[in-house]
Structures are given as structure tokens and as C-alpha cells.
Amino acid sequence: MRPVGTLAPAALLAAALAGCAAVGPDYRRPEVVLPAAFSAETAQPAAAVQPRWWTLYGDPVLMKLVDDALVRNADVRAAAARVDETEAVLAQARAAMFPQIDLQGASTRSRASTVGAIPLPATAPVLQSANRLVLSTSFELDFWGRLRRADEAARAQALGSRYAEGVVGLALAGATAQAYFALRSLDAQAASVRGTVKAREDSLDLTRRRAAGGIASDLDVQQATASLADARVQLRELQRQRALVDHQLAVLTGAPGATVPVGDLAALPVPPVPPAGLPSTLLERRPDIRQAEASLASATALIGVTKAQEYPTFSLTGFLGGQAAALENIASGGGRVWSIGGSVVWPIVDAGRYRARTREAEARAEQAAAAYEKTVQVAWREVADALDTLRAAAESEADVEARLKAAREALRVTQIRYEAGYSAYLEVLDAQRTLNAAELAAIQNRQARLSASVDVMKSLGGGWQPPAELGANTR
């Protein structure tokens, strides 16, 4: 039992050395200067964004599409697999901080030559057996904190992968909602153009009757025919665009071949415009910012890993077991074998190799800091852009509706004047085109408002909740 008593001081030494401060810089979040709020007005309290923000639109079809996408989409599954990968790397980094104990066993039987250059003694057996069974271990003393810094880097990378999973989920939910609103917009535009086709068919029938009675000319008939054909082409183009968006939704939700039934865009409620002066601290809820910060923390920890390589490496090794010619004697007191030792490796002359590695790690940390700063600035711009777009679309809605109402009244008056013989048919065609454009513009403005509201949700983090910090156990 002497080896156990001999190992106790070594274990105490390892614990003492592990308590030494790790070399390299400790991570500190860099300061990024941003406006206090997204407008000059007084900042509002930082209200949390609803995690399932797509339910605010009150559309069960949209809810199902987003929920299916977050479960079945290939990008989501790949992101989840990357989380598992980085957490496995973290487990390996943590395991390196503890001794590895191996069980080694060997059994050999050999025959010696009796006519070799060195004669075999007469008393020596020709056949020999050797059996060995030992527990061996090796352990690097983390004197400079290399293993602890490696654990910090791996933990930051694991957290970064979780944040990246949030980035994928948020982007996927936004893309699904945007595609769904585009689909509903195309449904509404197609319904409007179908009404235009029906109106122009009726107009063509009326023009033909008037031409047959000598009231209208053949030119009016040809103009009405061309106008009807133009509306039919417009309808087929909208149907083609809808099919493409339908295919996009099928891929986003991981169900190729699935279709979304025709719906009504006007039935979707529009979330209210966010209050002015939202605080910039809302950006901290964005997973891409958290991911960039985790990358910076990992790069900072890796400076300590490379810095520690410039100093001596202390290691402990040892084994305990038995060795005997016969297996039944391997556990006897005479067959017991053990060994304990230590080693130190110090790069005395390396031509500046390790210092260059440290400078390389420092340069990567500087790049990560710049990437973090850029991510924060881009996030601020995206929120500001989304808020301005949403407000502009909301403010334009009244003007768009006024334009639509005026276009309908102008067409009604023009048709009355044409039937009474006071206007040429060209005025009717112009009024029809104006009404068609006004109807489509109203629908597109509603889509723009819905899409801008999605952009606001995404740019504010979309209710994303940061995962818990990685402790001793991973998920």
C-alpha cells in the first residue's frame, strides 16, 4: 500500500498548483457606444418581447407553419447537432483537468533459442511466461492555467453554439412569417385582379353591344379586348408567383410538396406600432450579439492557452499493479509492482515559435472584438430601419385607402359618362388601370406593414431567451 501514501503529497501539490492564477487576460465585455434610444424622445421601459411573437397575428395557419419549421427544418436540426458537438468538446476540455487512469494488461509466452550466439544456461527454462496487470496514470499540473483557459474557451464556444441555434430559429421564424405574408398578399392581389377580369369582361360585352348598335366604334372593342387580355396575363403571373412562395414555405417547414390553402390578407391583424424611444439595451436580447460575445470570450481565453505554452509543463506519472509468470501469483505480495515520477518540459530555444502563437491568438481576439462591435452596430441599424419602415407603412395606410376610394369613384363616374356618350372609351380604360393599381398598392402596403412588424420582432431578438450558463453539467 506504500504507493497510495506516496501519491498523497503529489495530489496535494497538484491541488495547490491548480489554485495558481492562470496566465493570459481575463475576459471583459468591450464598450460599444450607441444612442440611448432609437429616437430622440424619452426612452421607454425595456419591455420583454413575447417569445412566440408570431402568435400576435392571431392566424392559426401561421402558428402551425412556424412551429413546424422550428421542429422539422434541416437548418434547425443542424444547429442542434452543432450544439451537441461543442458540448462534447467542452466535456473533453474538462476531462483534461483530471488524471486519466488506464488499466493495462499483457500476457506473453515465449521460447528461447538453445543454439544462439549466447548459450542458454542449463537451468533456464526454454519456455517462459510473463503476465502483467497494472493501473497507470498521467496528469499535467495546471500550474499556468493552460487547462483552465482551455475550459473557458470551450465553455464559451458551447454557449456560442447555443446562441447560434437561437439565431437560426429566429431567422427561420422570421423567414416563414415573411413568406406567409407574401403568400397572403398574392392571394389578395389575385382576388383583386379576378375582380378586374370580371369587370373588364362585362365592359367588353357592353362595348360589343354598343358597337353592334352603332353607338361605339370597333376601336373601343379592340381596346376593351386588349385590356381584358392584359388583366388575364397579370392574374396568371400572380398565380405563378404564389406557387413559388408556396414551394418556399414547404421547404422552410420541412414538408416538400405541402401546400397552404388560399386565405385573406385583410383578416390578419396588424400589431401596434412600437412606442418611440425604445432603449438600445433591448439589443442585448439578440442571440447574434450573444454569439459574437461568446466568440470574443473564447478567443480571449485562447490567449492564455498559448501563453502558457511558453512556460514549463509539469507532469506526474505512475502505475500500480502486479507482474508474475503465473496468473495466480500476479496479486501476491512478491508480484506487486509500482512506480511514481514526475517530469518537466521547458521550451528553452524555440526560435520565437510560442511567442508568435501568442501574438496570433491576440490578433484573433482583436478580430473577434471588432466583429462583436460590428454586430452590435448592425443590430442597432436593423432595429432603427425596421421601426422607421413600420411607422412609414402605418402612416401611409390612410393615404393609400384615400387613393383607392377616389379611384373607385372616378371609375364609376367615367363609366356613367361613357354610357351617356360624354367620354371616350379611353377614359374608361385609364380609370380601370388606375383602380387596379390602387387596389394592388393597398394590398402591398398592408403586406409591407406586416413584413416590417416581423422585422421589428426579429431585430429586437424576437423574444429569444438566452440559455442558462453552462455549469458543471451540460444538457
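In the predicted model, strands β3 and β4 (residues 336-345) are paired in the antiparallel sense, with 10 bridges between them. Within this pairing, Leu 320 stands opposite Trp 338 of β4. Strand β3, which spans residues 313-324, is also joined to strand β2 (residues 127-141) by 11 bridges, and these two strands run antiparallel. Here Val 134 has Gly 321 of β3 as its bridge partner.

The largest nonpolar core consists of 47 residues. Trp 53, Tyr 57, Leu 62, Tyr 180, Phe 181 and Leu 249 are the residues with the most contacts inside this core. Two or more core residues come from each of the helices α2 (60-72), α3 (74-95), α4 (146-212), α5 (218-252) and α8 (425-459). The greatest contribution is that of α4, which supplies 16 residues. When neighbours within four places in sequence are left aside, Leu 62 is in contact with Trp 54, Tyr 57, Ala 177, Tyr 180 and Phe 181.

Apart from residues up to four places away in sequence, Arg 210 touches Ile 215, Ala 216, Tyr 418 and Glu 419.

Definitions and conventions. Residues numbered from 1 in each chain as written. Predicted model: local features only at pLDDT ≥ 70, side-chain atom pairs only at ≥ 80, totals over all residues. Heavy atoms only, no water. Core = buried A, V, L, I, M, F, W, Y, C linked by side-chain atoms within 4.5 Å. Buried < 20%, exposed > 50% of the residue type's maximum accessible area, 1.4 Å probe, protein only. Helix = DSSP H or I, 4+ residues; strand = E, 2+ residues; numbered from the N terminus. Contact = heavy atoms within 4.5 Å. Pairing = 2+ DSSP bridges.
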